[in-house]
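Open the model in your viewer and keep the selection panel at hand. Each stop below says what to select and what is there.

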Amino acid sequence: MDGCQSTEGDLHVVAAAHHIVKALGATKNLTDDLRKILIDLDTHLSMITSNTDSKGGRGFVDVEEQLKQAERKILSWESDPREASEYLEAVYEIQTLVGGLQRLSVHENRKQKELLHRATSALQTAMSRLEEELIHILVQHRQLFEPKHMSSRSTRRDVVYDESFVSVEDEPAKETSSRNCPSDEIGEYIVDLVRADVIPDIKSIAKVMFTSNYGPEFCEAFIGVRKEALEQYSAVLETEELGIEDVLKMEWTSMSSKMNKWTWSMKIIVQVYLASEKRLCDLVLGDFGSVSSFCFLEISKATILCLLNFGEAIAMGPHQPEKLLRLLDMYETLADLLRDIDTLFSEEASSFVRLQFHVLLERFGVSSIAAFEAFQVAISSNGSLYPFPGGGVHPLNKYVMNYISMLPEYCNTLNLLLKDQHVDVVDPDNGPNLSLSTSCPMACHLQSITSSLESNLYRKSQLYKDEALQHIFLMNNIHYLVQKVKGSELRLFFGDEWIRKHNGKFQQHANNYERATWSSVICFLKDDNPGSSPVSKLTFKEQCRGFSIAFEEVYKTQTSWCIPDPQLREDLRISTSLTVVLAYRTFLGRNPAHIEDKCVKHTVEHVEKLLLDLFEGSPRSLRNSRRW
């Protein structure tokens, strides 16, 4: 009798507590955690009542009614955000019911076993619907973005060729401008990949699914949607999955373009997209330990490995000279991104990504050195069978100087890569004025390159049969070399003494040209002319005739010669005019009585004007001279 009274008293206490919990649960503005606590307590109280009732024969009436209400909410929910809290309450109730029923013995009570089966089935349905809702939210509220830097890429001078310069002998170089902005222009640019206002909903789904032991299902759905989003964005950046064989078979123009895109894509994906993806994973899954890092790795590794595989194929070679600038871009990109990669993939499970980045950086360094060495060898070994027409600036000279004028942008990288590479610098030009910039590894290699170039140009000059044209060719090419150094950052690596010395070189060739060309012409105008012995001294008429023939032959030949630089051309014309016109005026001045003779074919003014036709690169005769 006392036992029955005690049980009845306990039930009154439980009922009173149950009433209080129900009242508190109806209060608005409860936090999710507090609401879950009340739901758990309400369910436990129902389980106590049901357990007591089952002993008294009344069974699990309250539990079954609570389960029915929860099932109704789960099955009737239509993905309405306004009803989401009620849906989650129903899920929490079923979670607690399942836990409570599992703690009771189910061997002696068929009703209890039936309710546990129903509650478990309802929980599975709830999890399935939450997984669908998670996918819906991630897809519908995904935010597409285009970083502001993508639409404003800065362009820098670059030199790209359809073929190696070795195989396009005597063809003008093709120049384009396409170097992209450095990584510091992108900087840290975190964006919302999913609308910020739905993050709390995603976190709530994660919390419910993880506490229901459905964490793997949440991760699978989350990874699937986010991985697809990253793949779609990679497609926007035109990142392709290419095998090593595909890369090795590529034409240079296509390969150069893809190397350029790779550099840009790697910066954007790592510094913008993956940094933003990492933040999203941490926001949603940061409360679940290493789960956030696991999901981030699974989302990103396919895209990262695709980019790394392309880089591996490029680093494998062959190491043609034209690849150097692109390889340096790729090297610097990886070097700039190492800290980001080490931060994004800091967990032990993702150490293989960090390792592959570091290995690829080293391989890019080795490949860059190999391409640089191939560039040096190609310059010294480039040969010609025929002289370059007109004696102008040789395409090899243009190619080399345009190429190395890009290298100062990579000064720090090249100094790092070349510091242990031996180089022979013959006759250094800076002597006591040696500075850090003119003696650094890069400067030594640049000076070695131009030394090889000069030697090659000298060999090419020997292909001309006319000594005067040899000097015109060397004057043009050394002047071009000096102007490229003076007009760019190369000046820092060559120094003023090098420039002074090479100014003297091309001026000496100009003087040598004048002697080789005009000495034999103006010798007819001297008193001690070729026939100046008493027996064979030339008459005035013979002197005029000899001068005219010699002058006209030079005119006919040297109007086809070329001095591309307008100032250099004008300077040489003035210098020539001072020599030739002065000698001719003096000659006629010594013979004033014969000036009107028919043998005087050219006046001083005519000679002066005809000299202005020289070095234009188009052959002329006196009949079609624009000056005559």
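Select helix 12 (residues 351-381) and helix 14 (residues 411-418). Their axes come within 10 Å and cross at roughly 90°. The two helices are therefore roughly perpendicular (65 to 115 degrees; under 35 counts as roughly parallel, over 145 as roughly antiparallel, and the rest as oblique). Axes are lines fitted to C-alpha atoms, for helices over the stretch in contact, and angles run from 0 to 180 degrees between N-to-C directions. Helices are DSSP runs of H or I with at least four residues, numbered from the N terminus.

This is a predicted model: local features need pLDDT of at least 70, side-chain atom pairs count only at pLDDT 80 or more, and totals for chains, interfaces and linings use all residues. Residues are numbered from 1 along each chain as its sequence is written, and side-chain values use heavy atoms, with hydrogens and water left out.

Now show side chains at this crossing. Gly 365, Ser 368, Ile 369 and Phe 372 of helix 12 meet Leu 414, Leu 417 and Leu 418 of helix 14 (contact: heavy atoms within 4.5 Å). By class, that contact has 5 nonpolar, 2 polar and no charged residues. Ala, Val, Leu, Ile, Met, Phe, Trp, Tyr, Cys and Pro count as nonpolar, Asp, Glu, Lys and Arg as charged, and the others, Gly among them, as polar.

Next, select helix 13 (residues 395-404) and helix 16 (residues 441-461). Here the axes come within 11 Å and cross at roughly 170°. That makes helix 13 roughly antiparallel to helix 16. On helix 13, the contact residues include Leu 396, Val 400 and Ile 404. On helix 16, Leu 446, Ile 449 and Leu 453 are among them.

Move to the aromatic rings. There are 17 aromatic pairs (rings of Phe, Tyr and Trp, the last by its six-membered ring, with centres within 6.5 Å). Pick Phe 210 and Phe 288: the ring centres are 4.2 Å apart and the planes are at 15°, so the pair is stacked (planes under 30 degrees apart; over 60 is edge-to-face, the rest tilted). Phe 210 is in helix 6 (residues 199-211), whereas Phe 288 is in the loop between helix 9 and helix 10, 78 residues apart.

Last, select Arg 118 in helix 5 (residues 110-140). Leaving out residues up to four places away in sequence, Arg 118 touches Glu 64, Leu 67, Lys 68 and Glu 71. Then select Ile 94, 24 residues from Arg 118 along the chain. Their C-alpha atoms are separated by 9.6 Å.
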